[in-house]
Amino acid sequence: MPLFGLVAEGNSDHAVLENILLGLFEEDISDEITTLQPIRGATDEAAIKAFGGWYKVFEYCRSEDFRGAFQEVQYLVIQIDTDVYEQIHYDVKQTDESGKKLIPEVLIEKIKVKFEQIIVNEFGQDFLNNHQDRILFAISVDEIECWLLPLYYTDSTKSKTNNCDHKLHQKAGKFEKNYSDYDKISKDFRKSKTLTNLYPQNPSLNFFVDSVKVKNILLK
């Protein structure tokens, strides 16, 4: 049974998550990571739209595939961006009652609660209680490209949580939204020392990495 099953918006997100997980362990755990959503074979634009995207992450968490995933993997990683937070079906506000923008940690907690409500509505409170410790949330504020900025910037830009795709393109050069390119531009996260030095510089990346580390996961 693999250690990690990845549920994400797209294959490019899979690449980033895999490299981060590889950097967290001193041994090569490639065989301990499997992708559950979207289907890895979806490479053309039509297929990506059909099987990927933020809505498909929510949809997966309502499906029988989600229930069955806990029989296939030890930990389920759920990745979603926050940049479309107020769209229908996402509907999580990034501001408080006074209109002030929420800090990343508070926004992450609100989105976690939304996922937990979905799981309870579909499968019941007992199911969530029994599996909650095996769910790891990779909630990228405001997009997973923000997680990569510390790899390319040493000034205050490394901690930015807005317009990250544009900022990343300025430093990382030409790349497309696919697994191969994102694997390439995030590959330095595979180095444990690099990951350790950089992950605290982005608040939502910090949250994800710490949530994995606190599990004290041991390889067999």
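**Entry 1: the α5 pair**

I started at Lys112, which is buried, with a relative accessible area of 18%. The cut-off for buried is under 20%, so Lys112 falls on the buried side. I am working from a predicted model, and I keep that in mind throughout. Lys112 forms a salt bridge with Glu109. The closest N and O atoms of this pair are 3.9 Å apart. A salt bridge here needs the nitrogen within 4 Å of the carboxyl oxygen, so the pair counts. Both residues sit in helix α5, residues 104-123. They are 3 residues apart, about one turn of the helix. Glu109 counts as partly exposed, at 37% relative accessibility.

**Entry 2: the other salt bridges I looked up**

How many salt bridges does a search of the whole structure find? I get 6. Side chains of opposite charge can pair when their charged atoms come close.

I took Glu145 and Lys177 next. Their closest N and O atoms are 2.6 Å apart, and they form a salt bridge. Glu145 lies in helix α7, residues 145-152, while Lys177 is in the loop between α8 (164-172) and α9 (179-185), so the pair ties together parts that are 32 residues apart in sequence. Is Glu145 buried or exposed? Glu145 is buried, with a relative accessible area of 1%.

Then I went to Glu64 and Arg67. This salt bridge has its closest N and O atoms 3.0 Å apart. The two residues are 3 residues apart in helix α4 (residues 64-69), so about one helical turn separates them. Glu64 is exposed, with a relative accessible area of 53%. Arg67 is partly exposed, at 34%.

**Entry 3: a charged patch**

I checked the surface for charge. Which residues gather in a patch of negative charge? I find Glu26, Glu27, Asp28 and Asp31 there. Glu26 is in the loop between α1 (11-24) and β2 (33-37). Its relative accessible area is 82%, so I log Glu26 as exposed.

Most residues other than glycine have a negative phi, and most peptide bonds are trans. I noted exceptions.

The peptide bond from Gln37 to Pro38 is cis, with omega near -5°. Pro38 lies in the loop between β2 and α2 (45-51). The peptide bond from Val141 to Asp142 is also cis, with omega near -5°. I place Asp142 in the loop between β4 (135-140) and α7.

Next I looked at phi. Asn163 is not a glycine, but its phi is positive, near 55°. Asn163 is in the loop between α7 and α8. At 44% relative accessibility, Asn163 counts as partly exposed. Asn216 is not a glycine either, and has a positive phi of about 50°. I find Asn216 in the segment after α11 (203-213). Asn216 is exposed, with a relative accessible area of 61%.

**Entry 4: the whole chain**

I finished with the overall view. I count 11 helices and 4 strands in the protein chain. What radius of gyration would a compact globule with 220 residues have? It would be near 17 Å, and the protein chain has 17 Å, which agrees. The C-alpha atoms fill a box of roughly 50 × 45 × 40 Å along the principal axes. Of the 220 residues, 49% count as buried.

Conventions. Residues are numbered from 1 along each chain as its sequence is written. This is a predicted model: local features need pLDDT of at least 70, side-chain atom pairs count only at pLDDT 80 or more; totals for chains, interfaces and linings use all residues. Side-chain values use heavy atoms; hydrogens and water are left out. Patches are made of residues with over 30% relative accessible area and no salt bridge: like charges are joined within 9 Å, nonpolar side chains (Val, Leu, Ile, Met, Phe, Trp, Tyr) within 5 Å. Accessible areas come from the Shrake-Rupley method with a 1.4 Å probe; for residues, only the protein chains shown count as cover. A salt bridge is a side-chain nitrogen of Lys or Arg within 4 Å of a carboxyl oxygen of Asp or Glu. Lys and Arg count as positive and Asp and Glu as negative; His and the chain ends are not counted. The place of a charge is taken as NZ of Lys, CZ of Arg, CG of Asp or CD of Glu. Buried means under 20% relative accessible area, exposed over 50%, partly exposed in between (1.4 Å probe, protein chains only). The radius of gyration is taken over C-alpha atoms; the globule rule is 2.2 Å times the number of residues to the power 0.38.
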